[in-house]
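Hi everyone, thanks for coming. I'd like to walk you through one structure today, so let's get it up on the screen.

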Amino acid sequence: MIKEFKFDVVIIGGGHAGCEAAAASARLGVNTALFTHKFETIGEMSCNPAIGGLGKGHLVREIDALDGIMGDVADKSGIQFRLLNRSRGPAVRGPRTQSDRSLYKKYMQQKLVNYCNLTIFSDPVIEFIFEKNSVKGFITQQGKKIISSKLILTTGTFLNGIIHIGETQTPAGRYNEKPTAGLSDQLKKFNFKMGRLKTGTPPRLDSRTIDYHNLEEQYADEVPYFFSFLTKKNLNKQISCRMTYTNEAVHKLISSNLKRSAMYSGNIKSVGPRYCPSIEDKIVKFSDKHRHQIFLEPEGLDDYTVYPNGISTSLPFEIQQEICSKIKGLENVKIIRAGYAIEYDFVDPRELSLTLETKKINNLYMAGQINGTTGYEEAAAQGLIAGVNAALSIKGDEPFILQRSEAYIGVMIDDLVTKGVAEPYRMFTSRAEYRLSLRADNADLRLTKRGIEIGLVSKKRSLIFAEKSSNLKKMDKMMVNLKISPSKASKHGIIVAKDGVLRNASQILSQKGVNIDKIREIWPEIPKYSSEIDDQIEINSHYKGYLNKQNADILAFKRDENLKIPDNINYSNLSGLSNEVKSKFNEIRPKTLGQALRIDGITPAAVYILLSHVKRKSIKHIA
């Protein structure tokens with residue numbers, strides 16, 4: 001007898017996207033279920049054991065600001081915290097941590113099993129249940145029939161996944177795990193545009209066989225920069241990483257064996273991530289470089305496994321072993337597991353709306369690598385948005401959409417659904433046109449209030465945020481009201497124009513070389529709430545002029561950018577547009593003028609024609 005279960009929202013896949021989607025849906029109070037192959041692999045860090053980085057760290061801070069779980073889990077499992085680009089401006093600094101792989105899984109699983117409104121099943125999905133153009137549920141391998149109002153697909157690299165090591169091909173979703181077969185074929189019946197992408201991983205090394213002497217050491221920061229705004233202390237011992245390099249002997253060996261690499265033998269035809277190339281790609285595309293850096297990253301405090309970041313490969317095992325033996329420090333290294341490339345199916349993200357619901361199948365959402373992205377952080381951010389919107393739809397509430405001017409999450413999703421992907425999408429600070437205001441340090445000030453408004457944020461975080469906001473306002477008010485003359489400022493070693501004009505504390509703080517400690521020398525009555533608030537006050541003062549200009553640019557752009565395009569517009573009837581432009585507009589169906597402008601290949605002239613038509617129809621601006 002078939003067992004039938006009913007849920008409001010069901011998530012398929014227990015990776016980073018699935019975990020965040022399940023948690024977000026459950027936080028909003030709807031009956032949620034998560035289906036995965038094995039409970040033991042929930043939260044698995046299937047590639048490098050690290051969270052964050054430039055752009056990626058911004059995403060994690062934004063996830064945390066909306067009470068997501070990745071930041072907290074990363075902090076609890078962090079064994080090497082570093083703030084990248086520390087010497088540069090706050091807008092491009094990126095928090096990163098090396099994580100203990102087993103601790104990350106442990107804390108992720110603990111968080112999910114303790115969530116109210118969430119049930120977890122270890123049972124692979126084998127078949128969807130459709131009714132016309134809506135998904136109604138699915139059948140599992142164990143024979144369960146699941147009826148759901150909303151379904152979120154977060155299959156990662158499991159859709160028809162194939163692992164390549166040299167000439168050997170093995171169906172797998174990741175190492176030693178079976179792929180998901182059959183679901184892609186069902187999606188193709190609805191004419192989804194689908195393709196194949198590729199990613200890869202390096203061999204895993206036994207640290208007991210590495211000679212660390214004379215290898216450059218990279219230490220953790222003395223003062224850790226955490227991902228979660230709620231984290232106050234570090235839980236784990238901090239470790240260092242070592243660095244080594246490839247050399248000409250390694251490059252020669254790889255070049256002579258290129259045809260044995262799955263990437264160059266013709267076995268793989270899909271595109272891999274340009275910004276994280278295999279060692280074979282590096283040798284071919286950067287032939288002028290005589291060496292490439294390798295970070296030897298421990299995978300855990302109680303784990304002998306080392307992740308050699310920088311030598312991702314799909315060469316045969318024996319060639320991988322020979323490559324390692326020619327690298328300084330790795331002469332006698334033992335490979336625990338071979339590196340490999342993995343190919344998998346993905347859905348063109350232009351098939352999705354900004355809520356991450358598919359356009360062709362109602363109630364079906366997608367998040368993570370199935371949408372053409374790469375990386376844990378990009379997946380988790382999409383999972384959060386899909387989980388939130390699925391739950392809000394159940395409750396009959398308005399969708400939750402972040403604008404490009406509000407969050408890196410908004411930038412990423414807008415990029416995906418508007419432009420699609422030609423290669424696995426990775427977040428960078430350069431993708432955000434408003435990155436001066438989209439900083440890692442102010443993610444909570446940008447987003448936590450939005451999360452509170454829709455019921456996504458816990459009472460604990462809401463109270464902490466309210467106290468922080470109140471203290472910031474008190475500090476801002478005091479900084480504006482406290483004033484000093486140029487002559488008195490000079491007595492404190494601060495040189496400003498001798499014009500007799502009084503400057504307030506915020507203006508003095510904006511001067512080069514002045515910090516909040518110097519301000520307190522002048523005005524001891526300024527309270528010290530926390531180092532976090534001090535940092536925020538300093539950054540705001542130094543960035544104030546730039547931020548005022550950027551905010552004006554945002555407002556000016558929004559006047560036309562947020563002009564709503566009617567859903568029933570017939571692009572084929574618009575005169576002055578080429579057939580190619582009409583085809584792209586009809587395919588993507590942009591919701592706003594700004595989204596239309598960002599479609600790949602669409603010219604400003606084409607958007608002006610669209611703008612003229614929309615304004616003639618007197619369409620109101622979105623609030």
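Predicted model: local features only at pLDDT ≥ 70, side-chain atom pairs only at ≥ 80, totals over all residues.

How confident is the predictor? Averaged over the protein chain, pLDDT is 92, and 98% of the residues score at least 70. There's a stretch to be careful with, though: over residues 619–623, pLDDT stays under 50. The model has 13 contacts for that stretch, counting beyond four places in sequence.

Okay, on to the helix. Please find α12, which covers residues 443–453. Which of its residues are buried? They are A443, D444, R446, L447, T448 and G451. If you look down the axis of α12, those buried residues fall within an arc of 165°, so they line one face of the helix. Now turn to the face pointing away from that buried side, and you'll see K449 and E453, which are exposed.

And what covers the buried residues of α12? The cover includes α2, residues 56–65, and α13, residues 459–481. One more detail here: just after α12 you get to G455, which has a positive phi of about 80°.

Next up, the sheet. This one is open and has 4 strands, in the order β11-β10-β19-β12, and the pairing is antiparallel. At the edges stand β11, residues 168–171, and β12, residues 194–201. Each of those two has a single partner strand, so one side of each has no neighbour in the sheet. From one strand to the next, the twist averages 25°.

Let's zoom in on one pair. Strand β10, residues 162–165, is joined to β11 by 4 bridges, and the two run antiparallel.

Now for the single residues. T199 sits in strand β12. Is T199 buried or exposed? Its relative accessible area is 15%, and the cut-off for buried is under 20%, so T199 counts as buried. Apart from neighbours within four places in sequence, T199 is in contact with T157, P273, Y340, A341, I342, Y344, Q369 and T374.

For contrast, have a look at K512, in the loop between α15 (505–509) and α16 (516–522). K512 has a relative accessibility of 84%, so K512 counts as exposed.

Methods:
Residues numbered from 1 in each chain as written. Heavy atoms only, no water. Buried < 20%, exposed > 50% of the residue type's maximum accessible area, 1.4 Å probe, protein only. Arc of directions from axis to C-beta. Contact = heavy atoms within 4.5 Å. Pairing = 2+ DSSP bridges. Axes fitted to C-alpha atoms, helices over the stretch in contact; angles between N-to-C directions. pLDDT = per-residue confidence, 0-100.
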